[in-house]
Amino acid sequence: MSLTNTAHQLVTVAAEGAEHGGNHESLNPLLTGGGALVALLLLLWITTRFNRDR
């Protein structure tokens, strides 16, 4: 397989996936964002607990 043929196939597959909106049906944006927020707040809390010298 040549590089140009492979690149063409990847572009074709990407274009077919773009027709459907690109979002997976099982992904809930609120749940994903909320989970990320909770994880970052937990990491912030852990970091501030270990940094007591300030």
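User: What makes asparagine 28 a cap for the N-terminal end of H2?

Analyst: In this predicted model, a side-chain oxygen of asparagine 28 sits 3.2 Å from the backbone nitrogen of leucine 30. A polar contact is a pair of N or O atoms within 3.5 Å, where one must be able to donate a hydrogen and the other to accept it, and sequence neighbours count only if both atoms are side-chain atoms.

User: Why is leucine 42 called partly exposed?

Analyst: Leucine 42 belongs to helix H2. Its relative accessible area is 48%. Buried means under 20%, exposed over 50%, and partly exposed in between (1.4 Å probe, protein chains only), so leucine 42 at 48% is partly exposed.

User: What share of the chain is buried?

Analyst: Buried residues make up 0% of its 54 residues.

User: How are these numbers set up?

Analyst: Residues count from 1 along each chain as its sequence is written, and side-chain values use heavy atoms, without hydrogens and water. Local features need pLDDT of at least 70, side-chain atom pairs 80 or more, while totals for chains, interfaces and linings use all residues.

Note on methods: Helix = DSSP H or I, 4+ residues; strand = E, 2+ residues; numbered from the N terminus.
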